[in-house]
Amino acid sequence: MSLKVVVGIKWVPNTQAVRFDPKTGTLIREGVPSIVNPHDLDAVELALQLKERYGAKVTAISMAPPSAIKGLEHVIGMGIDDAILVSDRVFAGSDTLATSYVIAQTLKRIGDFDLALFGQETIDSSTAHIPAQVAGWLELPYMYYVDRVEEVDEKQRTVTVRRMLEDRLEWYQLKMPAILGVAMKSQKPRPVSIYNKLRVRMENPIQVWSNKELGLDPRCLGLKGSPTLVSKVTWTPEVPRKKQVIEGPPSEAVKKLVEKLCEEGVLPFEC
Ligand SMILES: Cc1cc2nc3c(=O)[nH]c(=O)nc-3n(C[C@H](O)[C@H](O)[C@H](O)COP(=O)(O)OP(=O)(O)OC[C@H]3O[C@@H](n4cnc5c(N)ncnc54)[C@H](O)[C@@H]3O)c2cc1C
């Protein structure tokens with residue numbers, strides 16, 4: 001029996017294109033293109049490596065509005081086998097608790113998965129709550145900042161992973177099924193291939209599940225099921241820049257730069 005891997009991806013507004021309305025204190029999302037959360041591509045890449053090493057079947061899931069089909073097509077283009085879009089108006093306004101509940105119930109309905117991989121965090125909300133909460137709902141082992149899967153022992157039903165911290169590496173063995181949060185920028189996500197993109201058109205590998213399929217209590221979903229409310233957001237004030245250019249050969253320019261930084265008192269040591 002081959003390994004079954006699920007990858008969670010979020011369809012996010014491209015935050016580099018989002019502007020902030022200082023009057024209303026909200027983000028201006030109109031006309032902003034959405035993309036697959038870039039850190040989720042690390043999880044996709046790690047899942048595809050498991051496909052190559054162990055013949056794993058990889059399914060992507062996303063809880064999102066219908067436009068996220070494009071994001072799922074993108075990861076299928078990278079080599080993911082199939083995808084499930086979990087989409088229903090009743091999910092709108094969900095906080096991380098309600099979101100992770102829906103994702104956990106989706107995994108439960110998928111049923112026989114061995115590993116569920118998630119990105120470290122998103123670029124639009126960045127709570128990093130989802131994988132930990134999914135593991136909590138399903139009472140499964142969880143490890144985060146994973147940068148490598150060392151070994152999957154399908155007989156013993158264990159996975160050994162490497163965890164990358166700022167100052168050290170750690171190795172953990174987890175019982176499967178397990179939830180993994182993949183360290184951001186730990187992989188080099190592969191490009192989309194035309195062959196895989198064609199599969200989207202030929203094989204129709206994306207299913208859409210609404211709450212009809214999941215059958216969840218609406219009191220646990222959307223705003224009703226969300227105990228956290230974003231009460232206020234402020235934006236970091238813009239720092240005026242001096243825009244000075246230091247000319248000359250690099251060694252001299254660096255010297256001048258250090259002198260200037262010393263004059264400004266911004267270096268953490270005596271000059
Ligand atoms: C209309 C709207 C209203 C909202 N209202 C609230 C609110 O009232 N209170 C509040 O706290 N938050 C609110 N949110 C934010 C929402 O809770 C988060 O966007 C969501 O829970 C995911 O959290 P995150 O982005 O911090 O994910 P993280 O925890 O940072 O994500 C970690 C990883 O989990 C996976 N993941 C995350 N989201 C998904 C997904 N949807 N599908 C599949 N995988 C996923 C990805 O792999 C990701 O890299 C609202 C969002 C929307 C769109």
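**Exercise 1. Find which residues of the shell are closest to the ligand, and sort the shell by class.**

A word on the model before going on: it is predicted, with local features needing pLDDT of at least 70 and side-chain atom pairs counting only at pLDDT 80 or more, while totals for chains, interfaces and linings use all residues. Residues are numbered from 1 along each chain as its sequence is written, and side-chain values use heavy atoms, with hydrogens and water left out.

Step 1: By class, the shell holds ten nonpolar, 14 polar and five charged residues. Here Ala, Val, Leu, Ile, Met, Phe, Trp, Tyr, Cys and Pro count as nonpolar, Asp, Glu, Lys and Arg as charged, and the others, Gly among them, as polar.

Step 2: Strand E6 (57-63), helix H3 (96-110), strand E8 (115-119) and helix H4 (130-138) each supply at least two shell residues.

**Exercise 2. Locate polar atoms that lie by oxygen atoms of the ligand.**

Step 1: Start with side chains. A polar atom of Lys 10 lies 2.6 Å from a ligand oxygen, and one of Thr 99 lies 3.0 Å from a ligand oxygen.

Step 2: Now the backbone: an N or O atom of His 129 lies 2.8 Å from an oxygen atom of the ligand.

Step 3: Taken alone, the ligand exposes 950 Å², and the protein buries 80% of that. Such areas come from the Shrake-Rupley method with a 1.4 Å probe.

**Exercise 3. Describe how the chain is divided into domains.**

Step 1: Domain 1 covers 4-225 and domain 2 covers 241-271; these bounds come from an automatic or database domain assignment.

Step 2: Taken over C-alpha atoms, the domain centres are 43 Å apart.

**Exercise 4. Spot the backbone features at Pro 177 and Ser 126.**

Step 1: Met 176 and Pro 177 are joined by a cis peptide bond, with omega about 5°. Pro 177 sits in the loop between strand E11 (169-175) and strand E12 (178-182).

Step 2: Ser 126 is not a glycine, yet its phi is positive, about 50°. Look for Ser 126 in the loop between E8 and H4.

Notes: A residue is near a molecule or strand if one of its heavy atoms lies within 4 Å of it. A polar contact is a pair of N or O atoms within 3.5 Å; within protein, one must be able to donate a hydrogen and the other to accept it, and residues adjacent in sequence count only if both atoms are side-chain atoms. Helices (H or I, at least four residues) and strands (E, at least two) are DSSP runs, numbered from the N terminus.
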